[in-house]
Amino acid sequence: MDPLSLLVLPRARPSLPPRTNAARAPPSAARLAPARRWRRQRARLSSPVSAVAAEAPPSPSPSGGGEEDSEGRFDWLDQWYPFAPVCDLDPGAPHGKTVLGLRVVAWYDRAVDEWRVFDDACPHRLAPLSEGRIDDKGRLQCVYHGWCFDGRGSCQFIPQAPALGPPVHKNSKACVASYPSVVQNNILWFYPRADAEHQDVLERKRPPFIPEIDDPSFVTVYGIRDLSYGYDVLVENLMDPAHVPYAHKGLMGKLRKKEDPGRVEFDIEGGGPMKMKIEEANVSGFLSPQENGGYFRYEAPCTFYGSPLPREAEEKKKKKPQFMLVFMCIPVAPGKSRVIWAFPRNVGVWLDKIIPRWYYHIGQNAILDSDIYLLHIEERNFAAAGVENWQKAVYVPTQSDNMVIAFRNWFRKHCKSQVGWAAPTVDQLPATTTKDKLMERYWSHVAQCRSCSTALKAMKALEVALQVAAVAVVGFLAVAKGTLVTSVVHKTAIVSLAVLCFAASRWLANFIEKNFYFQDYVHAYK
């Protein structure tokens with residue numbers, strides 16, 4: 001069988017469809033007032049323009065072309081969006097995020113054993129429900145005034161309302177918009193339309209499914225990170241393997257030098273020509289077969305996945321080493337994006353039993369850090385050039401840029417180089433701040449990752465314990481001098497122990513700062 005034919009087979013479906021968390025809407029549609037108000041405002045406002053231009057350069061791939069595509073505009077609101085890996089969501093607390101300009105909150109409804117996604121605004125005074133709590137009855141409680149909501153978004157309790165008075169909690173204005181949601185591939189997804197007619201959307205359309213993630217012979221490492229550049233720059237960067245040996249120098253193994261007849265100059269980073277094809281380009285994305293038999297596929301708008309290794313048939317997959325790169329690119333706001341990654345593999349499975357997830361994240365975050373500043377500034381350079389001058393501003397003559405060009409073609413032809421925000425959004429990039437804020441790790445990753453948060457707490461406790469031990473040893477030496485500690489050998493051993501504890505605490509403090517808060521990456525010294 002032609003190896004490339006394996007790349008274009010229809011995606012497998014799970015043997016049992018995942019349960020949908022789509023909540024049945026209350027009888028009155030007025031509970032959707034916040035969402036509909038945003039839709040009306042959005043209809044009056046023009047969509048914010050991306051920081052890059054609508055013009056795409058002439059492409060060496062089959063996806064190039066300047067004509068308007070006959071398949072029409074891409075509907076950003078008729079898509080599923082990933083919220084977070086379930087392993088990073090605490091069922092005992094609500095979790096707030098911004099997706100597609102929409103502020104949403106996810107919480108675990110233990111009444112039906114499912115995750116829910118709501119608008120992150122209490123209908124009372126619009127306080128964020130993500131700052132709330134799960135009450136003793138398993139309802140989502142707003143901590144501003146105590147209003148409580150069930151899994152459908154219906155208000156169940158208003159403490160300030162008299163028990164014998166009118167049932168004001170049953171008014172449709174007291175309800176919260178509830179979005180269809182589902183857990184698939186161990187990731188929580190939601191659909192950004194809360195109207196009653198969309199509650200059964202999972203029967204018509206489901207999130208992209210990656211069968212390797214659910215394969216019991218594979219293990220998968222998940223991660224999440226907020227980034228200080230926009231969605232289109234994020235997708236473009238992930239589709240650009242040629243930058244890896246240069247932007248991530250010292251963090252990843254050197255690429256094998258490719259055969260290039262006639263080349264007389266080589267660099268130490270190991271870069272070289274790359275051959276890429278673009279196939280099946282349409283409104284839903286495209287496929288890019290790689291020269292070594294691997295492939296990458298973009299399923300618009302969020303999912304980019306593939307493997308540099310040749311795709312194996314199902315009966316051979318468990319015998320040969322396989323690994324995949326799965327990235328989910330989430331538009332947050334102009335100049336801001338979020339990436340969720342999942343790396344399934346069937347080799348070295350035993351490592352996951354001894355290596356904690358936070359340890360993998362140290363290297364993965366370092367890779368993301370190494371080009372954050374480059375991409376942040378690049379996005380502003382695109383914006384300064386103007387959307388109409390993109391083709392003149394860039395120069396992409398080699399096949400290594402084919403996937404980037406294919407994405408820009410898709411973004412231009414089907415989206416007019418605009419993200420279709422779900423809420424009114426100001427078309428303005430955030431101001432450039434200092435590198436320690438652009439590359440900070442705590443709020444962008446650690447606070448969202450249960451593994452890293454737990455590790456950070458443990459390390460901070462160990463740091464304090466080492467400092468206390470150092471002081472205690474010195475105190476013991478002072479008290480026991482001349483009684484229990486009489487020889488020079490004893491004194492030397494105790495002083496050495498105190499110094500060792502203090503030095504270990506300082507080393508640990510430095511490790512915590514660099515891996516959980518901020519570490520600069522200076523390309524000139526790599």
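**Exercise 1. Packing of α6 and α10**

Task: In this predicted model, at what angle do α6 and α10 pack, and which residues make the contact?

Solution. 
1. The axes of α6 and α10 lie 8 Å apart, and the packing angle is about 100°.
2. Angles from 65 to 115 degrees count as roughly perpendicular, and α6 and α10 are therefore roughly perpendicular to each other.
3. On the α6 side, the contact is made by Arg 357, Trp 358 and His 361. On the α10 side, the residues are Arg 450, Ser 451, Cys 452, Ala 455 and Met 459.
4. Sorted by class, the contact of α6 with α10 has four nonpolar, two polar and two charged residues.

**Exercise 2. Packing of α10 and α11**

Task: How are α10 and α11 oriented, and what is the hand of their crossing?

Solution. 
1. Helix α10 covers residues 450-480 and helix α11 covers residues 488-516.
2. Their axes come within 8 Å and cross at roughly 155°.
3. An angle over 145 degrees counts as roughly antiparallel, so α10 is roughly antiparallel to α11.
4. The crossing of α10 and α11 is left-handed.
5. The residues of the contact of α10 with α11 divide into 24 nonpolar, two polar and four charged.

**Exercise 3. Packing of α3 and α6**

Task: How is α3 placed relative to α6, and which residues of the two helices meet?

Solution. 
1. Helix α3 spans residues 231-238. Its axis is 10 Å from that of α6, at an angle of about 125°.
2. This angle makes α3 oblique to α6.
3. The crossing of α3 past α6 is right-handed.
4. From α3, the residues in the contact are Asp 232, Val 233, Glu 236 and Asn 237. They meet Asp 371, Leu 375, Glu 378, Glu 379 and Phe 382 in α6.
5. By class, the residues of the contact of α3 with α6 are three nonpolar, one polar and five charged.

**Exercise 4. The surroundings of Ile 372**

Task: Is Ile 372 buried or exposed, and which residues beyond its sequence neighbours does Ile 372 contact?

Solution. 
1. Ile 372 sits in helix α6, which runs over residues 357-385.
2. The relative accessible area of Ile 372 is 1%. Buried means under 20%, so Ile 372 is buried.
3. With neighbours within four places in sequence left aside, Ile 372 is in contact with Arg 225, Leu 227, Ser 228, Tyr 229, Leu 438 and Met 439.
4. A C-alpha separation of 9.7 Å is found between Ile 372 and Tyr 521, which are 149 residues apart along the chain.

**Exercise 5. The nonpolar cores**

Task: How many residues does the largest nonpolar core have, and which of them have the most contacts inside it?

Solution. 
1. The largest nonpolar core has 76 residues.
2. The residues with the most contacts inside this core are Trp 76, Leu 100, Tyr 231, Tyr 298, Phe 407 and Trp 410.
3. Helix α8 (residues 402-415) supplies the largest share of this core, six residues.
4. A second, separate core of 15 residues includes Val 105, Trp 107, Trp 147 and Ile 158.
5. As background, nonpolar side chains in soluble globular proteins tend to be buried together.

**Exercise 6. The chain as a whole**

Task: How many helices and strands are in the chain, and what percentage of its residues count as buried?

Solution. 
1. The chain has eleven helices and 18 strands.
2. Of its 526 residues, 50% count as buried.
3. Among contacts with a separation of 6 or more, 70% are between residues 24 or more positions apart.

Notes: Residues numbered from 1 in each chain as written. Predicted model: local features only at pLDDT ≥ 70, side-chain atom pairs only at ≥ 80, totals over all residues. Heavy atoms only, no water. Core = buried A, V, L, I, M, F, W, Y, C linked by side-chain atoms within 4.5 Å. Buried < 20%, exposed > 50% of the residue type's maximum accessible area, 1.4 Å probe, protein only. Helix = DSSP H or I, 4+ residues; strand = E, 2+ residues; numbered from the N terminus. Contact = heavy atoms within 4.5 Å. Axes fitted to C-alpha atoms, helices over the stretch in contact; angles between N-to-C directions. Parallel < 35°, antiparallel > 145°, perpendicular 65-115°, else oblique. Left-handed = near helix turned anticlockwise from the far one by under 90°. Nonpolar A, V, L, I, M, F, W, Y, C, P; charged D, E, K, R; others polar.
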